[in-house]
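Here is a friendly walk through one protein model and its ligand. Have the structure open beside you as you read.

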Amino acid sequence: MKTKILVTGGTGYIGSHTVVELQNAGYEVVIIDNLSNSNIGVLDGINKITGIRPVFVEGDCTDINTLRKLFDENPGIKGIINFAASKAVGESVQKPLLYYKNNLNTLINLLELMPEYGVKGIVFSSSCTVYGEPDHNPINEGAPIKPATSPYGNTKQISEEIIEDYIRSGAPIKSILLRYFNPIGAHPSAEIGELPLGVPQNLVPYLTQTAAGIRKELTVFGDDYNTPDGSCIRDYIDVVDLAKAHVIAMKRMLDNNDTDSVEIFNLGTGRGLSVLELIASFERATGVKVPHKIGNRREGDIEKIWADPKKANEVLGWKAEVPVDETMKNAWTWQQKISK
Ligand code: UD1
């Protein structure tokens, strides 16, 4: 019998790619999503890639009764991957309570119900934002957690603490906290990808929309940072590589009795790329020019951060594999599909 996994936020960007990899690895998936930032059509894309349409529940994880009903109607769920969260940094500054409510209530409800329904483990989507501006790069999991610079970032820090406190109190569950660096790209089939609502805040969707002529020009936020070309440096990780790490993490939690109850892994490539280098990669990979100009720094931006992914490489046996040019090509194929 297939092991059943609940994926909250499973029609979202990283969620949908993870559902594909879970199904490819032989897991049975139940998705819950309130469709606040995703589209039901994503299920068709998942079906086209894997030949399997996952069970879908439209609902909000902040409502514990909705979750109870889901667990009653889908018995035997063994693991949860929790993607259901609000994620726009700027919006979180404007609407902090929305972020605390969505992100924390969802997590607390899931944790509360796990022992009751015999769910053994939860994979949590955390972020490299918990490190703030690092003292040195690459950064490993032992680096200090810096004060959050946005309510969004704070929800990630608090969520990690809630999980740790709950397990320390003796709750009979395990958890793996995955600290993502900058997920980008789309499935190579172009059946699923990122579907930003309104004007994208993140670099790659803005870049691909500019290349597609939807936006006039990309603004590079600052070229006076202390980096080789002056623009900020990030660790851009292909979304399919990222999705695969979730499958490995789930398997580790559910199948090994001797691993720690809480484990933390950085998910990045280990290589930092500047904004200008990423634009160059896109142009090289696609042959399409991206009109761009240098603008002011964006408030709250970190100058440079990239991962030391050694722990994930060695302990999980996971490694980011997709070359960035290929990732950019996939992002472009996807953009062309959705802008038709
Ligand atoms: C941010 C969050 C991160 C979150 C992620 C996903 C912080 C510090 N980082 O990452 O926690 O998980 O979003 O939502 O809170 N850029 C431009 N022009 C643009 C857009 C971006 O030059 O139009 C630059 C930015 O200055 C930055 C890089 O591109 O250097 C990446 O930006 P972005 O994609 O927004 O991600 P982060 O800010 O790194």
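Let us begin with a pair of strands: S2 (residues 28–33) and S3 (residues 55–58) run parallel and are joined over four bridges. Strands count as paired here if DSSP finds at least two bridges between them, while helices (H or I, at least four residues) and strands (E, at least two) are DSSP runs numbered from the N terminus. Within this pair, Ile32 sits opposite Val57 of S3. Together with helix H2 (residues 42–50), S2 and S3 form a right-handed β-α-β unit; right-handed means that, with the strands pointing away from the viewer, the path from the first strand over the helix to the second runs clockwise.

A word on the source: this is a predicted model, in which local features need pLDDT of at least 70 and side-chain atom pairs count only at pLDDT 80 or more, whereas totals for chains, interfaces and linings use all residues. Residues are numbered from 1 along each chain as its sequence is written, and side-chain values use heavy atoms, with hydrogens and water left out.

The loop between S2 and H2 holds Leu35, which has a positive phi of about 60° without being a glycine. Another backbone feature is the cis peptide bond from Asn137 to Pro138, with omega near -5°. Pro138 belongs to the loop between strand S5 (121–127) and helix H6 (151–168). As background, most residues other than glycine have a negative phi, and most peptide bonds are trans.

Now to the ligand. Its shell holds 20 residues, the closest being Leu203, Thr219, Arg234, Arg298 and Asp301; a residue is near if one of its heavy atoms lies within 4 Å. Strand S8 (residues 218–221) gives the largest share of this shell, four residues. By type, the shell divides into 10 nonpolar, six polar and four charged residues. The table lists polar contacts, meaning pairs of N or O atoms within 3.5 Å.

| Residue and part | Distance to a ligand oxygen atom |
|---|---|
| Lys87, polar backbone atom | 3.4 Å |
| Tyr152, side-chain N or O atom | 3.0 Å |
| Asn202, polar side-chain atom | 3.1 Å |

Taken alone, the ligand exposes 750 Å², and the protein buries 90% of that (Shrake-Rupley areas, 1.4 Å probe).

Finally, the whole chain: it has 11 helices and 13 strands, and its C-alpha trace spans about 55 × 45 × 40 Å along the principal axes.

Definitions and conventions:
A polar contact is a pair of N or O atoms within 3.5 Å; within protein, one must be able to donate a hydrogen and the other to accept it, and residues adjacent in sequence count only if both atoms are side-chain atoms. Ala, Val, Leu, Ile, Met, Phe, Trp, Tyr, Cys and Pro count as nonpolar, Asp, Glu, Lys and Arg as charged, and the others, Gly among them, as polar.
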